[in-house]
Amino acid sequence: MPTKLPDDGTLWRTDQLLASGLNARAIAVLVRDGSLVRLRRGCYGRGDWWRDLDAPSRRRQLISAHALGTLTTSAGGFVYSHVSGASLHRLRLWKVDDRVHLTQDACPSGISHGRDVVAHTRRVASRELCFVDGLPCTSLERTVVDCCLMFTVPQAVILVDHAARLGADLGMIRTACDALAGRNGVVALRRALELVDPRSESAGESLTRELLHRLGIRPPELQYSVLTPLGEHRMDFAWPEVKVAVEFDGKSKYFDYRPTGEVLFAERQREKALTEQGWTFVRIEWKHLFNEVEFKYRVLRALNRGAGADSSPFRRSAAG
């Protein structure tokens, strides 16, 4: 009996593995040695392929595994929604688990979806339905609304910022938000819509901006560009009137395109040129966003140093 995986594909149902010549014992051996990974009941993935995936890609493949695994057992009638819809739309997510979310018209109590599935019951209008990667999914706008109703404010800000960057119809989302007045979770959606800014280029930048707002610090300019002798430097957050900038140092900023050392050197050289022009930089990493006292102290110290005695670093009230 063979103990070798099929040459084609990365995802298989149990019956497909059996049809390829494997038996239950061979499948168990392949799981133990890491050649196969059990993604959910009755569905397996190629081990080396799975280990090479990042977290967002794994979430999308778990949705694909669910679709493949239920292809011959489900009557359909559901769409992928909430966090799963956001994953299919490639929206940025923060602090979410890997469970598959789906929405259907009828109550799911009579159907066993498994512990890795969260089933929601709510009607999905035809205009709120689309297909992503060949899978039925809630529209971008409906996905944002559904997610924000179960998210915290920081999670919602990250999501809405990215949805706006991808071209979501914010007017449609605001209309849905107004219709949900009084519903549990709508506060996070409303707050995210108040703060939305499609110029945020990462989850870390969205969280930084939300924290600045929550701490009452006056809003900065986003993606502010300054010309230096070494070329143009674009800052994540800037208060140009006092020449203070906050830069969020997320890993993706340095690892996406060029070797880390090269990018870091160029970044530091541009920063040195700006420092010579009188700019002050506050560098923020993920860990700083969760020590709010230190974060506030560092930003305010820089702003106060640049502002002098006659200018307040705090956000002005409506009364002025």
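Helix α6 meets α7 through Leu140, Val144, Cys147 and Cys148 on one side and Ala156, Leu159, Val160 and Ala163 on the other. Contact means heavy atoms within 4.5 Å. By class, this contact has 8 nonpolar, no polar and no charged residues. The model is predicted: local features need pLDDT of at least 70, side-chain atom pairs count only at pLDDT 80 or more, and totals for chains, interfaces and linings use all residues. Residues are numbered from 1 along each chain as its sequence is written, and side-chain values use heavy atoms, with hydrogens and water left out.

**Helix packing**
- α6 and α7 pack at an angle of about 170°, with axes 10 Å apart.
- α6 is therefore roughly antiparallel to α7 (angles over 145 degrees count as such).
- Helices are DSSP runs of H or I with at least four residues; strands are E runs of at least two.

**Nonpolar cores**
- A core joins buried Ala, Val, Leu, Ile, Met, Phe, Trp, Tyr and Cys residues through side-chain atoms within 4.5 Å; buried means under 20% relative accessible area (1.4 Å probe, protein chains only).
- The largest core has 29 residues, of which Val144, Leu159, Val160 and Ile173 touch the most other members.
- Helices α5, α6, α7, α8 and α9 each supply at least two residues of this core.
- Another core, of 23 residues, lies apart and includes Leu222 and Val242.

**Strands**
- β1 (residues 11-13) pairs with β3 (residues 43-46) in the antiparallel sense over 3 bridges; pairing needs at least two DSSP bridges.
- β2 (residues 36-40) and β3 pair in the antiparallel sense over 4 bridges.
- β2 and β3 form a hairpin with 2 residues between them.

Definitions and conventions:
Buried means under 20% relative accessible area, exposed over 50%, partly exposed in between (1.4 Å probe, protein chains only). Axes are lines fitted to C-alpha atoms, for helices over the stretch in contact, and angles run from 0 to 180 degrees between N-to-C directions. Angles under 35 degrees count as roughly parallel, over 145 as roughly antiparallel, 65 to 115 as roughly perpendicular and the rest as oblique. Ala, Val, Leu, Ile, Met, Phe, Trp, Tyr, Cys and Pro count as nonpolar, Asp, Glu, Lys and Arg as charged, and the others, Gly among them, as polar.
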